[in-house]
Amino acid sequence: MIRVSISLSASRILSMNVTGHAKSAKRGQDLVCASVSSITTGALNALDRFTPGVCDLQLHEGDDARIDIQVRDIANNDAQLILQTVITQLETIENQYSKYIHIAKQEV
């Protein structure tokens, strides 16, 4: 299962972590995993390009696949908009494939 953990403060995103694999189909045929990978990789690229230095970005590949995003400047509206868009996209996948992806939000 893919697990998405989001930390928020007053509706501002502080961090986002994505771990795991969907395992909804054979490797190379898993559309849920491919969709989440595309969305999150695109998010890393967008944050790096449009908000350089605003977030700490890490991509860990392999069996322990993980994406970590730490927002340094939560007041940066561009980063917040990109991250809100990512959450909306991931929630859309979760709505149809909740057996393979779970999103948890925590207010801190």
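## Helix pair, sheet and salt bridges

The axes of helix H1 (residues 31-50) and helix H2 (residues 77-96) come within 10 Å and cross at roughly 175°, which makes H1 roughly antiparallel to H2 (a term for angles over 145 degrees). This is a predicted model, in which local features need pLDDT of at least 70 and side-chain atom pairs count only at pLDDT 80 or more, while totals for chains, interfaces and linings use all residues. Residues are numbered from 1 along each chain as its sequence is written, and side-chain values use heavy atoms, with hydrogens and water left out.

The helices are DSSP runs of H or I with at least four residues, and the strands are runs of E with at least two. On the H1 side, the residues that make the contact (heavy atoms within 4.5 Å) include Val36, Ile39, Ala43 and Phe50, and on the H2 side they include Ile82, Val86, Gln89 and Ile93. By class, the contact of H1 with H2 has 13 nonpolar, 3 polar and no charged residues.

Turning to the sheet, 5 strands form an open arrangement with mixed pairing in the order S3-S4-S2-S1-S5, where two strands pair if DSSP finds at least two bridges between them. Its edge strands are S3 (55-60) and S5 (101-107), each of which pairs on one side only. S3 and strand S4 (residues 66-71) pair in the antiparallel sense over 6 bridges, and Cys55 has Val71 in S4 as its bridge partner.

Within strand S1 (residues 2-9) lies Ser7, which is buried, with a relative accessible area of 18% (buried means under 20%, exposed over 50%, and partly exposed in between, with a 1.4 Å probe and protein chains only). Leaving aside neighbours within four places in sequence, Ser7 is in contact with Arg12, Ile13, Leu14, Ser15 and Gln106.

The structure holds 3 salt bridges, each defined by a side-chain nitrogen of Lys or Arg within 4 Å of a carboxyl oxygen of Asp or Glu.

| Salt bridge | N to O distance |
|---|---|
| Asp56 and Arg72 | 2.4 Å |
| Asp68 and Arg66 | 2.8 Å |
| Lys105 and Glu91 | 2.8 Å |

Asp56 lies in strand S3 and Arg72 in the loop between S4 and H2, so this pair ties together parts that are 16 residues apart in sequence; Asp56 is partly exposed at 34% relative accessible area, whereas Arg72 is exposed at 57%. Asp68 counts as buried at 11% relative accessibility, while Arg66 is partly exposed at 33%.

How values were computed:
Axes fitted to C-alpha atoms, helices over the stretch in contact; angles between N-to-C directions. Parallel < 35°, antiparallel > 145°, perpendicular 65-115°, else oblique. Nonpolar A, V, L, I, M, F, W, Y, C, P; charged D, E, K, R; others polar.
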